[in-house]
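Here is a friendly tour of a protein chain, from its overall make-up to its side chains. Please have a look at the model first.

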Amino acid sequence: MRVTTHDNQVIYQGVGDQLAYQVTFTLTADASGQTMVDEQVSLLEEAPSWLPLPLIKPVMQRDFQRKLNQFAALAGAQNNDD
């Protein structure tokens, strides 16, 4: 997983077992000062022909969750070393 930030965006790029994808979170403030988060998900390459379109989202979600859990475990391990 690769995480980058730019202006008001956080961009996660992941290459899973079956898909390469990008999740972009764009943060904006509304009139009341609340932060709004817009999420855009896109494939970085064409999905395998054997993977039906309705299954792409669950596959991406599963892979993204797995990578976030690994990232959180790594960040937690580094915090404990201080």
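This is a predicted model: local features need pLDDT of at least 70, side-chain atom pairs count only at pLDDT 80 or more; totals for chains, interfaces and linings use all residues.

Residues are numbered from 1 along each chain as its sequence is written, and side-chain values use heavy atoms, leaving out hydrogens and water.

From the N terminus, the elements run β-β-β-β-α, with helices (H or I, at least four residues) and strands (E, at least two) taken as DSSP runs numbered from that end. Three of these elements return below.

| Element | Residues | Residue of interest |
|---|---|---|
| strand β2 | residues 9-15 | Y12 |
| strand β3 | residues 20-29 | F25 |
| helix α1 | residues 53-80 | F71 |

Of the 82 residues, 24% are buried (under 20% relative accessible area; exposed is over 50%, partly exposed in between; 1.4 Å probe, protein chains only).

The structure has one aromatic pair (Phe, Tyr or Trp rings, for Trp the six-membered one, with centres within 6.5 Å; planes under 30 degrees apart are stacked, over 60 edge-to-face, the rest tilted). The ring centres of Y12 and F25 lie 5.8 Å apart with planes at 90°, so this pair is edge-to-face. Y12 and F25 are 13 residues apart, and their pairing links distant parts of the chain. Both Y12 and F25 are buried.

By contrast, F71 is partly exposed, because its relative accessibility is 46%.
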